[in-house]
Amino acid sequence: MPAETSPQPARAQLAELAARVRDGGVGLGALPRLPVAGDARAAAVLILFGPLDRIPAEREAAASAVSRDLDVLLLARAATLRSHAGEIAFPGGRAEPDDPDAVATALREAREETGLDPAGVDVLGTLEDVPLAHSRHLVTPVLGWWRQPSPVRVIDVGESADVFRAPVAELLDPANRGVTVLRRDAVRWRAPGFLVPHADGEYLVWGFTAMVLDALFDALGWAEPWDAARELPFAEPAGTAEPTRGPAFGG
């Protein structure tokens, strides 16, 4: 097996993107221009990158900054939840009164959902708020780098079914990319989707999480050409899925 390259170039690019947004630039393309609900509730998600374990991706990414050991932390929501059941999400949730800012919200929720130690996370910055009018949330994505990884696991089985690393090189693989199509009467919504292989099959990443990853990879210049006409089917009937209903997160 070839030696792994250092993931530090990816960290530098993520930090540069966060700095660009802090200075008024664009990080997530058109996503922040979605309609905003008048009574939107503040929320935040942690997009945590780093070499999360010792298992490298099975492929090399086209982007030189993306090493085979670069991962992003995701979780699968419990299948028994009333909303967003089974969806793949970033750790995160709604702000609480004691949270001083979005970073505190994202780190608190990540600790509560995955058990990670926030002391090992370097916060690189925040991206533009993403409004989700249908669920009345205004979500702040927080970019993090896992400087000192700590054990993660499902903390509450009523909320999450799995907590796992997703190798970025495999997310970028055109073979794992496509679109999801949600049909509501005469209306169709098309949005990016990703497949993440695991021991028992594969996860479908769609909705808010997939849209943010897609915009982020484009902004970083990591994206590889993929087939936007390829439809990725839902594991359940599409009528039960609601990617426009807001972020799939707990808390």
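Predicted model: local features only at pLDDT ≥ 70, side-chain atom pairs only at ≥ 80, totals over all residues.
Q: Why is Ala 102 called partly exposed?
A: Ala 102 has a relative accessible area of 22%. Buried means under 20% and exposed means over 50%, so Ala 102, at 22%, falls in between and is partly exposed.

Q: Where is Ala 102 found, and which residues does Ala 102 touch, not counting residues up to four places away in sequence?
A: Ala 102 belongs to helix α2 (residues 102–114). With residues up to four places away in sequence left out, Ala 102 touches Ala 44, Thr 140 and Val 142. Contact means heavy atoms within 4.5 Å. Ala 42 lies 60 residues from Ala 102 in sequence and 8.1 Å from Ala 102 in space, C-alpha to C-alpha.

Q: How do you know that strands β2 and β8 pair?
A: Pairing requires at least two bridges. Strand β2 (residues 71–77) and β8 have seven bridges, so they pair, and the sense is antiparallel. Asp 71 stands opposite Pro 167 in β8.

Q: What makes strand β8 mostly covered?
A: Of the eight residues in β8 (residues 160–167), six are buried.

Q: Which residues have the most contacts inside the largest nonpolar core?
A: They are Ile 47, Phe 49, Val 66, Leu 143, Val 168, Leu 216 and Trp 222, in a core of 48 residues. Helix α4 (residues 207–220) gives the largest share of this core, eight residues. A second, separate core has 15 residues, including Ala 44, Leu 73, Leu 75 and Val 142.

Note on methods
Residues numbered from 1 in each chain as written. Heavy atoms only, no water. Buried < 20%, exposed > 50% of the residue type's maximum accessible area, 1.4 Å probe, protein only. Helix = DSSP H or I, 4+ residues; strand = E, 2+ residues; numbered from the N terminus. Core = buried A, V, L, I, M, F, W, Y, C linked by side-chain atoms within 4.5 Å.
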